[in-house]
Amino acid sequence: MKEPFVLTVATENNDYVKNLELNLNNLGYNFKILGLQTKWKGFDTKMKLLINELKTLNNNTIVVVVDAYDVLFARKPEELLKKYIYFGENKIVIGSNPIASGHWSVDKACKIKDDFNSKSKNRKAERNNPNCGFIMGTAGNLLKMYEHALKNGKNVDSIGVDSFFKENCDKFKIDFKSEFVANVFRSNSNNVPFLYKYWNQKKFTHDFEGLVNKHTGEIPFVFHFPYQAGDYGARREEFSKLQNKNYKGIQKKNYKSDFKKLKMKFLEKQKNKIINIILLIILIILIVIFYLRRNLKLQKNKNLNILKEIKRNG
């Protein structure tokens, strides 16, 4: 296949998926959406679907795996292929995350250093860790990666991918300069005009070829908006409008609904943590009571034996 083949996993055919589908069609990408109407059982669902699809492809097919709900493509597939070949063919290319985020520890294991962003006055700009929102490589290499990730990821793709990279330091490259993907993280403010001003003036400006990262000088092919529901889609909507004047947008109620779901999941996790802590405390108390009663019984028996001995000798 001369152009990269895009794979994404979505169990719901929602507005985000329809938006991505329209986006990919407009730019001329070959793509396939996996998992529609499939029950989500954690990231193992995603990895199994990808593994099954990758097995059907030629090992040398260039594949791009992206998130389905929070990603926007910005440039043509033939340009992406040229960039990949130039950047390092047969390597797995993955986007970069802020330092010390998520489940990643590959930066220490493989002695990865973000030399580009580490020169910034803002130390938080360093992005030593990968991000699974965008991964690009040959079908053969990605198949090996996801098979390893499925076995070692504990139902979390980033844990499994991190494990694979730690054992294969020479098999991947992290996109520190946003040459492939810009992971646009949430600002401290949810105010849309502020976000527009911040990203447009300080990070990205509109150019005839796309959105240019003023910090790196690169024009990313993909924009990824992690936790987009956290600011009700402010980042995604503003970038989409900059990239496409005809962009219709996704209704805010969708983002609010997703945010509510995330909040409920978070609260459920916190509730489970609290329940587990309470159960642990109860278990410890029961163990302590058991040992105290046991020791008291032993002491009582010891005292009785002493009394019997005294009577016997008296």
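Q: Is Ser-178 buried or exposed?
A: Ser-178 has a relative accessible area of 8%, in a predicted model whose local features need pLDDT of at least 70 and whose side-chain atom pairs count only at pLDDT 80 or more, while totals for chains, interfaces and linings use all residues. Residues are numbered from 1 along each chain as its sequence is written, and side-chain values use heavy atoms, with hydrogens and water left out. The classes are set by relative accessible area with a 1.4 Å probe and protein chains only: buried is under 20%, exposed is over 50%, and partly exposed lies in between. Because its value is 8%, Ser-178 is buried.

Q: Where is Ser-178, and what is its phi?
A: Ser-178 is placed in the loop between β7 (172-175) and β8, where strands (E, at least two residues) and helices (H or I, at least four residues) are DSSP runs numbered from the N terminus. Although Ser-178 is not a glycine, its phi is positive, at about 60°.

Q: How many residues of helix α7 (residues 157-167) are buried?
A: The buried residues of α7 are Asp-157, Ser-158, Gly-160, Val-161, Asp-162, Ser-163, Phe-164 and Phe-165. Helix α7 is largely enclosed by the rest of the structure, because the number of its eleven residues that are buried is eight.

Q: Which residues does Ser-163 touch, not counting residues up to four places away in sequence?
A: Ser-163 lies in helix α7 and counts as buried at 16% relative accessibility. Its C-alpha atom is separated by 9.2 Å from that of Met-145, which is 18 residues apart along the chain. With contact taken as heavy atoms within 4.5 Å, and leaving out residues up to four places away in sequence, Ser-163 touches His-148 and Asn-152.

Q: At what angle do α6 and α7 pack, and how far apart are their axes?
A: Two packed helices are described by the angle between their axes and the distance between the axes. Axes are lines fitted to C-alpha atoms, for helices over the stretch in contact, and angles run from 0 to 180 degrees between N-to-C directions. For α6 and α7, the angle is about 120° and the axes are apart by 7 Å.

Q: What is the handedness of the crossing of α6 and α7?
A: A crossing is left-handed if the near helix is turned anticlockwise from the far one by less than a right angle, and right-handed if clockwise. The crossing in which α6 passes α7 is right-handed.

Q: How do the residues in the contact of α6 with α7 divide by class?
A: The α6 side is made by Lys-144, Met-145, His-148, Ala-149 and Asn-152, and the α7 side by Asp-157, Ile-159, Gly-160, Val-161, Ser-163, Phe-164, Phe-165 and Glu-167. Ala, Val, Leu, Ile, Met, Phe, Trp, Tyr, Cys and Pro count as nonpolar, Asp, Glu, Lys and Arg as charged, and the others, Gly among them, as polar. On this scheme, the contact of α6 with α7 has six nonpolar, four polar and three charged residues.

Q: How many nonpolar residues are in the contact of α2 with α6?
A: Helix α2 (residues 43-54) and helix α6 (residues 139-152) pack at about 145° with axes 9 Å apart, in a left-handed crossing. Among the residues that make the contact are Met-47, Leu-50 and Ile-51 of α2 and Leu-142, Leu-143 and Tyr-146 of α6. By class, the contact has no polar residues and three charged ones, while its nonpolar residues number ten.

Q: Which residue of β6 stands opposite Val-65?
A: Strand β3 (residues 62-66) has five of its five residues buried, with Ile-62, Val-64 and Val-66 on one side and Val-63 and Val-65 on the other. Strands pair if DSSP finds at least two bridges between them; β3 pairs with β1 (residues 5-9) in the parallel sense over four bridges, and Thr-8 stands opposite Val-66. Five bridges join β3 to β6 (residues 129-138), which run antiparallel. There, the residue opposite Val-65 is Ile-135.

Q: Which residue of β11 is the bridge partner of Leu-72?
A: Three strands form an open sheet of mixed pairing in the order β4-β11-β8, with β4 (71-73) and β8 (181-183) as edge strands that each pair on one side only. Strands β4 and β11 (residues 222-224) run antiparallel and are joined by three bridges. In β11, the partner of Leu-72 is Phe-223.
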